[in-house]
Amino acid sequence: MEDKYALSARVEAAFEGCYEGRRAAAFAGVPVSTVYQWARSGIVEPSVSPRRIKLWSYADLMALRIVYWLRHPKKGRGREIAASPMSRVREALAELERRGLDIWDDSGERPDSPLRVDSSATIFLIDDDTSRVDGQRPLDGMLDLLGPFECDGQSGPDLLRPRPNLRIIPGRVSGEAHLVGSRITTQVAAALHRKIADVEKIATLYPGFGASLFEEAIEFERSLAA
């Protein structure tokens, strides 16, 4: 039987975000086969449910991005940066977990998230002076963990604001993308569109939400499936 601490940690992780394998892969921008391989090998284990029905958390999405990005060569300031050794990758994952950051900020004061990892596998929070992070100058090559993700031909969406009128907020609707100011997820919008092809008719079911918002949600789901 699982101890109470492990169980409560998984419940908390599920509250922040809960994604099955294919969904986690699409959000992270990592091949689904790689996501399952890392789960089996213990590199990035699903925080919500590691057994038969594997479920990944919102924090796991960042962990998947960290490992995938660090384990591939990348370009820095005019030079090639080699892939990081697995020992450094594990250190970065441990640092991400240690910080336990509350990264959601929809104040509009900054267009991106403050969370970064550099090519040395060091986790940073950037300040207003983007040339410095946590009082230090970052090394060559730096990844915005929550921004649009591109690596080795793979891509993932912005994990805060995937579209102008869509939001992903840890702790709301299980970390799913939804129409801003609502609990209408993009998955619900896409499911409705499969049954009701007319977006205008879908919008009439939700007064105050125009057809263009549903079009945005449907397009986002299509991009994840591509």
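The lining of the second largest pocket divides into 11 nonpolar, 6 polar and 6 charged residues, where Ala, Val, Leu, Ile, Met, Phe, Trp, Tyr, Cys and Pro count as nonpolar, Asp, Glu, Lys and Arg as charged, and the others, Gly among them, as polar. In total 23 residues line this pocket, and Ala 26, Ser 223, Leu 224, Ala 225 and Ala 226 lie nearest its centre. Two or more lining residues come from each of α2 (21-28), β8 (149-151), β9 (154-156) and α8 (211-225). The space in the second largest pocket is about 460 Å³. A pocket is here an open set of points, on a 1 Å grid over the protein atoms alone, where a 1.4 Å probe fits, with protein on both sides within 12 Å along at least five of seven lines; lining residues have an atom within 4 Å of a point. Grid points are joined across faces, edges and corners, and the volume is the space filled by probe spheres set on the points.

The model is predicted: local features need pLDDT of at least 70 and side-chain atom pairs count only at pLDDT 80 or more, while totals for chains, interfaces and linings use all residues. Residues are numbered from 1 along each chain as its sequence is written, and side-chain values use heavy atoms, with hydrogens and water left out.

The protein chain contains 8 helices and 11 strands, taken as DSSP runs numbered from the N terminus (helices H or I, at least four residues; strands E, at least two). Of its 226 residues, 47% count as buried, meaning under 20% relative accessible area, with exposed over 50% and partly exposed in between (1.4 Å probe, protein chains only). Among contacts (heavy atoms within 4.5 Å) between residues at least 6 apart in sequence, 58% join residues at least 24 apart.

One part of the fold is an open sheet of 3 strands in the order β6-β5-β7, with antiparallel pairing; two strands pair if DSSP finds at least two bridges between them. β6 (123-125) and β7 (142-144) are the edge strands, each pairing on one side only. On average, neighbouring strands of this sheet are turned by 35° against each other, direction ignored.

What joins β5 to β6? The two strands run antiparallel and share 3 bridges, and Leu 115 stands opposite Leu 125 in β6. β5 and β6 form a hairpin with 4 residues between them, and Ala 121 in the turn has a positive phi of about 70°. On its other pairing, β5 (residues 115-118) meets β7 in the antiparallel sense over 3 bridges. Here Val 117 has Leu 143 as its bridge partner, and Asp 118 has Met 142. From β5, Leu 115 and Val 117 point one way and Arg 116 and Asp 118 the other way, and all are buried. Helix α4 (residues 58-70) lies across β5, β6 and β7, running at about 25° to β5; axes are lines fitted to C-alpha atoms, for helices over the stretch in contact, and angles run from 0 to 180 degrees between N-to-C directions.

Most residues other than glycine have a negative phi. In the loop between β10 (166-167) and β11 (178-179) lies Val 173, whose phi is positive, near 40°. Ser 174 is placed in the loop between β10 and β11, and its phi is likewise positive, near 55°. Val 173 is buried, with a relative accessible area of 16%, whereas Ser 174 counts as partly exposed at 36% relative accessibility.
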